[in-house]
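Please take a look at the sequence and the model below, and keep your viewer open while you read. We will walk through some local features together.

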Amino acid sequence: MQPKIMMKKKSISASKASLVLFLCQMISALDVPLDLSQPPTITQQSPKDYIVDPRENIVIQCEAKGKPPPSFSWTRNGTHFDIDKDAQVTMKPNSGTLVINIMNGGKAEAYEGVYQCTARNERGAAISNNIVIRPSRSPLWTKEKLEPNQVREGDSLVLHCRPPVGLPPPIIFWMDNAFQRLPQSERVSQGLNGDLYFSNVQPEDTREDYICYARFNHTQTIQQKQPISVKVFSMDSLNDTIAANLSDTDIYGARPVTERQPVLLTPTGSTSTKVELRGNVLLLECIAAGLPTPVIRWIKEGGELPANRTFFENFKKTLKIIDVSEADSGNYKCIARNTLGSAHHVISVTVKAAPYWITAPRNLVLSPGEDGTLICRANGNPKPSISWLANGVPIAIAPEDPSRKVDGDTIIFSQVQERSSAVYQCNASNEYGYLLANAFVNVLAEPPRILTPANKLYQVIADSPALLDCAYFGSPKPEIEWFKGVKGSILRGSEYIFHDNGTLEIPVAQKDSTGAYTCVARNKLGKIQNEVQLEIKDPTVIIKQPEYKVIQRYGQVSFECIIKHDSTLLPTVIWLKDNDELPDDERFLVGKDNLTIMNVTDKDDGTYTCIVNTTLDSVSASAVLTVVARPNPPFDLELTGQLERSVELSWIPGDENNSPITNFVIEYEDGLHEPGVWHYQTEVPGTQTTVQLKLSPYVNYSFRVIAVNEIGRSQPSEPSEQYLTKSANPDENPSNVQGIGSEPDNLVITWESLKGFQSNGPGLQYKVSWRQKDVDDEWTSVIVANVSKYIVSGTPTFVPYEIKVQALNDLGYAPEPSEVIGHSGEDLPMVAPGNVQVHVINSTLAKVHWDPVPLKTVRGHLQGYKVYYWKVQSLSRRSRRHVEKKILTFRGNKTFGMLPGLEPYSTYKLNVRVANGKGEGPASPDKVFRTPEGVPSSPSFLKITNPTLDSLTLEWGSPTHPNGVLTSYILKFQPINNTHELGPLVEIRIPANESSLILKNLNYSTRYKFYFNAQTSVGSGNQITEEAVTIMDEGKMAMASRQVDIATQGWFIGLMCAVALLILILLIVCFIRRNKGGKYPVKEKEDAHADPEIQPMKEDDGTFGEYSDAEDHKPLKKGSRTPSDRTVKKEDSDDSLVDYGEGVNGQFNEDGSFIGQYSGKKEKEPAEGNESSEAPSPVNAMNSFV
């Protein structure tokens, strides 16, 4: 579904509104202010052809204005109508409107006639149109004897209505006795004259209540014609009639219903004429008889039917052209066609025209001595004649006026004087009607006056037209000029439009158009000006429009409508649904800039429009809400075409709820075997509503259908009717047949039973058959029921059997089943593998070989060989541990296997056993093997004690896992200078039986980094690292000792607090300076590396604590501490033994677990040169300042 978002914008200053305002101002500019003398002007009058309700009072309108106020008089049928002599007639006060009282005894027929009103004052007389008063009529139908219409099937028929002549003509329609409209079609339709036409009759047209009704709208009455009876004889009934009365053959004949080519019922003949007046609706009609029913087509000879004005009605039997003009005259042909031929009729249309205005005379205001003209031009067909009247009197017999000259359709005035004021009437008439227009000549001498209120404020939206009014009057006609601002120059140029009525138009008003505008009107009698104000406002804009939404039923949805508007305008926001008010429902929540609908339902589907109104403009935006939900369940399930093995199911889909149905799921219930349980049958595409279903015998089927769309599944439909299929032999046999012995001397045969509907009939049983494979035995069979297992006893151990299971019921057997191979029960293997050999690959991996056992000794399905192995002794340690055996299984008939995870330098034993489904056979003799040496683990600890000026004492523990005979220890160390670079690397080899070492000739107050590992004959193990610092010289040591001695004195504590406060102030100053760009030298070094943590000086010996390290080449980071016993534990390592060339992925304990957790992290080789290191200790930092 594509999204539907619409936006419309309206503005009070839009072009259409501007045009309407302009026209209104044009009219007002021609009006003479009512405080000045002026001839009468007719302002309101009744229509020329005035049909009145004879039951109500007759009101004939005539309103006029003038100065002084005019008096009124009437003529009736050309003579004076004295209303004072008729008590039923009154004239409204200050008005010429007549009220004829019919409701109090008067008769409307007595007042039929032609009325004309005259409004007169001292400056002239105006007259109304001739108003023809006619009361409406709704006469009854004349009584007539209607004979029944007996017609043969296939013939045409016309039922005549012939309604009474009413005023205005009635509206005709056909109904039956139950007041139900009779259905119409291409075959049966009503003509323009009200008759009912049958192109051909059918037996179903037989009825006795064809009733024509005439509705008279003016009197709101309906007249009814007597019912017309129609009896259609079919050919079967005709044959019966002929057989009963042969004389009827002459009337009806014995012909069957025959097809006929079209014949026009109306209009008759081949041609006809039609006259229509310009501006009216042209209706042309052709109705044809024929069998099959003819189809009507219309063409215009020598031209095209007018586009956008042509319509076809009454099943294309009526051609309708609206607003016809002389160009629509011509020949119109209707063609009736069926499969046997065609008929046509040509209607010659002539469009005549009652008079219509080309230039109607307009009021003329002149000052004494001025010239002017009245022009009256009209057209029509035939061309109308023009006649003039003066004050209601033909101008030929009216009082003479030397300033007036009549020239056909024009009256020319020259050098008029005040006595020249009068009202002139122009009458344009032809045989189809007339036009009458009043126009006065008013001679006045008046200085200019501006009718627009002073300082009127105009507010306009930017980029819209601005129309500033300057309604004026004066005689002679004033000249109008516009200025902007108090001292502005006269406005000229293409950016302004100056209208004759004084209006100034700014086509595209901008912000800089804001300001005061002055209108000046002047003639020879004076000058006047008026100022108006113009304000330009920002347009209202919807910056966040509502968007197309798809929401599930019972969800929540919101539409946004965020607006931007001029700050001086107060907007109002209105929400509509489908162009109507929102439902009165608390679920609809209207916020400041949004609309929220809670708990959405299907009826909320539609278009939602946000309308923003200000006093100057209006904008709107719309979005469509589509409510989707799971489809409604299908209904009207029907089973057809029932066969023994199939049936056709059809259904009617439920409402898809705006989300197309993708598929239908068909389920079935077996009421005979599993009542209440529904099973999947099949599914079909969502466009399909029928399906052919395959059925099984002996099932009592019921079906239901579930519709599915993107939202989900519908509720299931109501179940279909039940359908019980006939019984039959089983179609299939049990599946998953197996033969497996549970004991060495039996065979257990199992299978999956057939489901209820698979039985195909009552009395389901199973025939179980078996025989030993490769032995010429007969089949042994047994028939069982209600089981899925059978045990055959007394079988040899583990021999193959051929097995089959066949289904049968009361009607017979299923097809012959296929055979499967099973085996009787297994027993334990009899012999152990021989010739077991072990090949040690490296210190942690060995390969074992063995000879396979003979298959006959396995006595079952060979599952593989199992190797049991365990560590007997570690050659590097004499302590014995609990022996835990490990088992590796090698599937299939393999004769070798790998033993990973062995411990180096250890003694192992192993044996091998064969396994089958029953268990394991005897073990082979134990085989002893040894693993070679490997590299040791890291020393268990490294501890540095007794620092002096030039020496350090190192103590260590032997590796937890020596993995061989230790040959030596390797110690490497190097100094770390003040720039954290590593110095030269020194290496010392230490005998394996040593556990401590004193390093001498070291530099005082220097940090050293140590790397320590053990070695076997295979190679070096993982190393551990540590750092330590030699102490300072004696002078500094003595100072530190004195500080310790006095640190316990109270006066010293107070002094230190004062010093600490000063230091804190200095640190704050340094921090401020640092933030401004300076850096503290020591801080720079500390920033480059993590600060090591220093142990406090001991009071007893004055030495500094050691520094521990968590990573290679790095001093101990802040937050880490050495243990209280000053030992350093080895680090964890992620490195495997593969890194050291051992060729296996780690080590294993005696129980087979991986022991990588006990080895230290392998240390990278220390750098010989200068390398970056962590930050030095504070002691070294102090030395850097010395």
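First, the ground rules. This is a predicted model, in which local features need pLDDT of at least 70 and side-chain atom pairs count only at pLDDT 80 or more, while totals for chains, interfaces and linings use all residues. Residues are numbered from 1 along each chain as its sequence is written, and side-chain values use heavy atoms, with hydrogens and water left out.

Let us begin with the backbone. Most residues other than glycine have a negative phi, and most peptide bonds are trans. With that in mind, have a look at the bond from L167 to P168, which is cis with omega near -10 degrees. P168 sits in the loop between strand 14 (157-159) and strand 15 (171-175); strands here are DSSP runs of E with at least two residues, helices are runs of H or I with at least four residues, and both are numbered from the N terminus. A cis peptide bond also joins S475 to P476, with omega near 5 degrees. P476 belongs to the loop between strand 42 (472-475) and strand 43 (479-484).

N455 is not a glycine, yet its phi is positive, at about 55 degrees; you will find N455 in the loop between strand 39 (446-450) and strand 40 (457-461). Y905, likewise not a glycine, has a positive phi of about 55 degrees, and Y905 lies in the loop between strand 77 (896-899) and strand 78 (906-916). Is Y905 buried or exposed? Y905 counts as buried because its relative accessible area is 18%, where buried means under 20%, exposed over 50% and partly exposed in between, with a 1.4 Å probe and protein chains only.

Moving into strand 78 brings us to N911. N911 is buried, with a relative accessible area of 4%. The side chain of N911 makes a polar contact with the side chain of R913 at 3.4 Å; such a contact is a pair of N or O atoms within 3.5 Å, where within protein one must be able to donate a hydrogen and the other to accept it, and residues adjacent in sequence count only if both atoms are side-chain atoms. Leaving aside neighbours within four places in sequence, the residues in contact with N911 (heavy atoms within 4.5 Å) include K866, Y868, W870 and P925.

Now for the rings. The whole structure contains 21 aromatic pairs, counted when ring centres of Phe, Tyr and Trp (its six-membered ring) lie within 6.5 Å; planes under 30 degrees apart are stacked, over 60 edge-to-face and the rest tilted. W850 and Y865 are both buried. Y1008 and F1010 form another tilted pair, with 6.4 Å centre to centre and 35 degrees between the planes. Y1008 is buried at 4% relative accessible area, and F1010 is buried at 0%.

Charged pairs come next. Side chains of opposite charge can pair when their charged atoms come close. The structure holds 37 salt bridges, each a side-chain nitrogen of Lys or Arg within 4 Å of a carboxyl oxygen of Asp or Glu. One of them joins R522 and E481 at 2.7 Å, N to O. R522 lies in strand 46 (residues 515-523) and E481 in strand 43, so the pair ties together parts that are 41 residues apart in sequence. R522 is partly exposed at 31% relative accessibility, and E481 is partly exposed at 25%. K333 and E301 also meet in a salt bridge, at 3.8 Å. R152, D155 and R260, meanwhile, are linked in a network of salt bridges.

Our last stop is helix 5 (residues 1050-1075), where I1065 is placed. I1065 counts as partly exposed because its relative accessibility is 45%. I1065 is one of the residues of a nonpolar surface patch, whose members include L1061, I1068 and F1071.

Methods: Patch = residues over 30% accessible without salt bridge, like charges linked within 9 Å, V, L, I, M, F, W, Y side chains within 5 Å. Areas by Shrake-Rupley, 256 points an atom, 1.4 Å probe, with all protein chains shown as cover.
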